[in-house]
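This briefing is intended for a reader who is meeting the structure for the first time. Please view the sequence and the model together, and then read the points below by topic.

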Amino acid sequence: MNAMNRRQFAGAALTPVLVPMLGTAPGAAAATGRTDDKVSGEEIGVTVQEGTNLAVTARPGGDRIILHLQGKLFTVARAGGTATPFSDDFLTPFWPSLRPDGELIAVQSFAGGMFHIWTLTPDGRAVRQLTSGEYDDLCPAWSPDGELIAFTSARQGSNDIWTVEARTGALRRVTSTVTPASQPTWSPDGREVAYVRENAIEAVNLATGATRVLVPAAPGFVSAPSWSPDGGRIAFIRARDRVQRLMVSAAPGTEKPAGSYDDAFPFPAAWLSPDELLYGANGKIVVSRLSTDAAAIVPFSATFRLVRDRYPRKRYDFDSRREQQARGIVAPALSPDGGSVVFIALNQLWLQPIGGAPRRLTDDPYYKTDPAWSHDGRRLAYASDKAGTQDIYVLDPETGTERRVTDLPGAQFAPAFSPDDRTLVFQDDRFRTLAVDAAGGPVRTILGPVNTPGRPSWSADGRTLAFTVSAQQRNQIQLVDVASGGTRVIEPAPFGSISARGDDGPVWSPDGRWLAFCLRGTLWVLPVDPRGTPTGPARALTEHASDAPSWSGDSQRLLYLHNGRLRLVALDGSGTREVTTKLAYTPDQPGERLVIHAGRLWDGRAPEPRTDVDLVVEGNRIRSIEPHRGDRSHPGHRFVDASGLTVTPGLIDMHNHQHMRSRSFGDRQGRLLLSFGITTTRSTGDPAYRALEDREALTAGARVGPRFFMTGEMFEGPRLSWEFARQIADSGQLELELSRARELGYDLIKTYQRFPDDWQAAVTAAAHAMGIPTTSHYLYPAIAHGVDMQEHLAGPTRWGFGFSQNASLGIVYDDVIQLLTKGGMAVSSTLFSASALLADDPGIVDDPRVRTLFTAAQQETLLAKLRCAQGTGPCGFLDGNAEAARRDVAVLKRILAAGGTVVAGTDAPLDVTAVSLHLNLRGMTKYGLSAHQALQTATLAAARQLGVDRELGTVEPGKLADLLFSEGDPTRNISDLARVPMVLKNGRLYQRDELLAPFLPGSASR
C-alpha cells in the first residue's frame, strides 16, 4: 500500500472528516508558521523469520497453517516456507480459530474500537462481523460441527463463556460464574466447553450445566486450553518462574510438559493428531510429538510492507523576541454576576472583565492552580505553593488581601466554596476529598482516596458533591453525600465518558438543575434533581471543541474554552460569542554573554571528551568553542570557571507526563529537573491546557524549568484508564480533537491502547501534515502506516495477555528488532527495571535535591524503591530487579547494533522524576552499552527525534546553550552525570543551590 493509498484509506475511514485537514499545520507560539509542504512516503519491505507471541492453528491432516504474527494473518505451508498475508491491517485480528473444515477462521477483531467476533476466509476476501455492542468479545473457539463459536464476554457484568451461532448470530450465555471464565475450548463431541477460571481449567456440560475440574489450580498461571481430538487430554500453557511451557493433562493432577521449549506463547495449541501439537514457542512455529517427546521447527519467512513518511517538521524560532498571544488558559471561572472571568496563565492568576483587559492578581514565581469563586462573588479560592507546600488560599480580588486556609503536609488543591460560602471542599495528593471552614480551622474527610478524580462541584442545597471518576473504563460522574460520605456513580450519557478528569466538569449550575460537562469533545448539560439524579437525557450546547465549563450565577450562561479562546453560550445553546483575552508575552531571551572554561567537554558526537576548552555563549547560543587560553580577553563577558567540571549537552527526557502530578509538585518540578541537568522534556500525554500554559510560562521565563515539548491528552478509544486520556467516540469528535491539536500547537500526538488502528493511520497523516510526529505503544500496524515512535520496550496494550505483543516474558524476538530498525521507528527506554540500581547508590535518597525538591510522598516512593532494590522491602508493580534490567538493556543493545534508534525516557512521575533518567543511563552502561551510546540516547538521538537536532543535542557553535556541568567524567563513570553543581538552559545559568533555595526551610525568598 503506497503512501497516497494509505492516506486515501485513512481519509475514507473517516470521510468526510479528515480529508480537508491533510494540508494544514499547527499554529503555535513557538512555530514560525505553517508547513504546507507535501508529505511523501517510502515503502519498505521487512522480512522476518521469527515471531514474538505468534499464534498458529491448523486442521488435522491439513496442508496449510494459519499464522498470526504482529497483528496480521498469514498462511504458510505445513512444511514451512514463505508466508502469504491475507488480512487487512485495520481488521486487527487476534486469537485465530480455524473451523474444523478449514474454510473459515474466527478471530477477535478490534475493528471499530471494541473486540468482537469476526470470521473470514483464508484468502481474506469474505469478512463478516458476528457480535457487536459495548463490551469486548474475546478468544473465539469453533464447535466441532462448525455451527457455533464459543467466546468470552462481559456483556452481562462479568466475564463468562458465551456462544454465537455462525449462521444467524444468535447468542447464548453458557456460564454464570462468580469469578471470570475465559478462553473456551470445545470437547470433541461438542457436549462440553472447557475454560480457564481461578487459575484452573474446568468444563461445563452444555445440556445440564454441571461443571468438573480438568486441571486443578497449582503454582503458576494457566492459559489457552485446547481439547485433544480423542477427548482424553487437555493441552494448555503454564507460566511459572519466568518460564512458559506447553503442558498436557490426561486427568486432574497428571500434567506433563510437551516438548522442552521454555517460552511457549499463551495461545491454544492445535492438535494435528492425537499425538501431535502445533504451537508457537521461542520465536518459532513448533510441532511436538507426545509419544516421543520430539519437536520439529516449521521454518517460515513473512514479509511486512511498511510506508514510512517523509515530512517537513514543525519549525521553531528559539530566538524569537516577538510578542505572542497566550493561549494556555487554565481553569477559567465565570464570576457569579457574569461580568468577569478568573483564570491561570503564564504562572499567574488573572481577573478579566468581559470585554476588558486582564489584570494580574498575583505576581510571584510560585505555582498556582484551580481558582474558584465564592457564590457572593467577593472572594477567590485557589492553591499555591508560595509557603513551601501546595495550600489553599482565599483572596479578595478587590483589595488583594488573602489568607492561607490550609497548612497541612503534602499538597492541597481544587477548592470549591459551598453554596453558603462557609465551607471549602478541596482535594489532596492522596486523592482524598476534604472540607474546612472558609476562614480556616480543623479539616475533616468527606471521602477517602479515589483514583485521580476531577474537581469537586457542590449541589445548590449543599448536600451533595459531584466530580468525575474512572468507572468501568470511562470517565463518569460520582455523587457524594457530604454528611455521610455515601457515593453513587451516574453516566453522563449512555456509554459516554467525560472528556478528561480535570477541568471538564461536571459543574453544578447554581440553581441545582443542571450538570455541565464536556463529552465527545463538546459542551453538554444534563438535567438533574437536587441530589444529582438525571431527570432527562443530556444535550449538547456546542458543536466545536469545548473544555472547562463554568456557570454564571443565574444559571443561564456558561463560559468555556474553545481551542485557546474563551467563549460564552446560553443554556439553550444560543448566543455563542467569543470573550477576547488580550494577554501577551514575549519569549525570555538572556542578554548575558559568558565565557565558560570547561575542564572537559563531551560534545555529544565524539566518543571521547575534549579537554581544557573555552565556550563562548552570547544570549541563548554558543558562539564559539576554542582551546582555553588564560590570557584571552573577552570584554563584556562573564567568566564561568568550570575547569574542574565536565560539560555535556543538557539531558532530554523523551517520555514525561509533566502534568500528571504538577499540582502536587508545583514549582518544585522544573527546579528538580534542572538540578539534575535535564534541560528539555517531552510530554507523552498531559491535560492540554495545563501543558500549554506550562510551555508558555517556561518560554516567557515566568516559571523555572526545562524547555518543554507538549502534547495534550492521549487519543483514546471507547474505553480509557488514565486521567490524561480523551475518549474519542466517533470520527466527528476526532476532527474536533485534531483541531485542538492544530490550534494549540501540539508538538506530538500520542494515541493510546484502545484507539482504532485505521484512526491511528488517519491521525498520523493529519499530524504529519502539521509537521509533528505521532507515537503509541504499538509496533504493527502502526509502523506500516507512518507512526513515528513506540513508547516502552513493552508497554501496556489492549491484547489482554501479559503486558505487550512485542515481548514475551521480557524476551524480544527478531521480528520486533527487524521491524523497529528497518522501519526506522524509534523506541523510548523507560527502564523501570533500572530502579534496581538504587542499590548501587543508596545515598541518593539523602541527596539535597531529593530532600528539598521531592514532596514527602515522592520521597517515600523513592525510599520504597530503594528497599525493593536492596531486598529489604516489598516491590511495587513497576519496580524492577537486576535481571530484568540486564534483559531490557540487552534488547536496547540489539536495537542499536542493528542500526535502530533508542531515546531515553522515564514515564515520570510513574517512575521517580529526574532521578529515573539517571538510573536509565546507569542501567544502560552497567549492562552492556558504552557511556557514549547511553549519553546519546538522552542528547543527540533525542534531539533528532524531536526534529531539533540542528538546535539541541550537541555542544557546537551556533546551537542553543543548554549545558550540563558535572563533577567527574561521565564518559568514564556515568554516575558522575548526576553530580550537577550548575546547569545552563537557553543561555541562562542556574546554580544548584539557587534552584533549591526557595524550598529550603526558612527560605527568605518566601
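Among contacts in the protein chain between residues at least 6 apart in sequence, 57% join residues at least 24 apart, a contact being heavy atoms within 4.5 Å. The model is a predicted one, in which local features need pLDDT of at least 70 and side-chain atom pairs count only at pLDDT 80 or more, while totals for chains, interfaces and linings use all residues. Residues are numbered from 1 along each chain as its sequence is written, and side-chain values use heavy atoms, with hydrogens and water left out.

**Overall form**

- The protein chain contains 14 helices and 70 strands; helices (H or I, at least four residues) and strands (E, at least two) are DSSP runs, numbered from the N terminus.
- The radius of gyration of the protein chain is 29 Å, close to the 30 Å that the globule rule gives for 1006 residues, so the chain is as compact as a globular protein of that length. This radius is taken over C-alpha atoms, and the globule rule is 2.2 Å times the number of residues to the power 0.38.
- The C-alpha trace of the protein chain spans about 85 × 75 × 60 Å along its principal axes.
- Of the 1006 residues in the protein chain, 63% are buried. Buried means under 20% relative accessible area, exposed means over 50%, and partly exposed lies in between (1.4 Å probe, protein chains only).

**A four-stranded sheet**

- Four strands form an open sheet in the order β29-β30-β31-β32, with antiparallel pairing. Two strands pair if DSSP finds at least two bridges between them.
- The edges are held by β29 (330-334) and β32 (359-360), each with a single partner strand, so one side of each has no neighbour in the sheet.
- Strand β30 (residues 340-345) and strand β31 (residues 348-353) run antiparallel and are joined by six bridges. Ala 345 has Gln 348 in β31 as its bridge partner.
- In general, strands of a sheet pair through backbone hydrogen bonds, either parallel or antiparallel.

**Aromatic rings and charges**

- The count of aromatic pairs comes to 13. Rings of Phe, Tyr and Trp (its six-membered ring) pair if their centres lie within 6.5 Å; planes under 30 degrees apart count as stacked, over 60 as edge-to-face and the rest as tilted.
- The ring centres of Tyr 135 and Phe 495 are 6.2 Å apart and the planes stand at 80°, so this pair is edge-to-face.
- Tyr 135 lies in the loop between β10 (127-129) and β11 (137-142), and Phe 495 in the loop between β44 (487-490) and β45 (507-508), so the pair ties together parts that are 360 residues apart in sequence.
- Tyr 135 is partly exposed at a relative accessible area of 28%, and Phe 495 is partly exposed at 34%.
- One aromatic cluster is formed by Phe 74, Phe 304 and Tyr 780.
- The charged end of Arg 849 sits over the ring of Phe 676, 3.7 Å from its centre, and Arg 155 lies over the face of Trp 162, 5.8 Å from the ring centre. A charge sits over a ring if NZ of Lys or CZ of Arg is within 6 Å of the ring centre and within 35 degrees of the ring normal.

**Backbone features in loops**

- Gly 505 and Pro 506 are joined by a cis peptide bond with omega of about 10°; Pro 506 belongs to the loop between β44 and β45.
- Ala 908 and Pro 909 are also joined by a cis peptide bond, with omega of about 10°. Pro 909 is in the loop between β67 (902-903) and α11 (915-926).
- Asp 293, which is not a glycine, has a positive phi of about 60°. Asp 293 lies in the loop between β25 (284-289) and β26 (294-298) and is exposed, at a relative accessible area of 55%.
- Ser 555 has a positive phi near 65°, again in a residue other than glycine. Ser 555 lies in the loop between β49 (547-551) and β50 (557-562) and is buried, at a relative accessible area of 1%.

**The surroundings of Gly 564**

- Gly 564 lies in the loop between β50 and β51 (565-570) and counts as buried at 5% relative accessibility.
- Not counting residues up to four places away in sequence, Gly 564 touches Arg 327, Ile 329, Tyr 689 and Leu 744.
- Gly 564 and Thr 581 are 17 residues apart in sequence and 9.6 Å apart in space, C-alpha to C-alpha.
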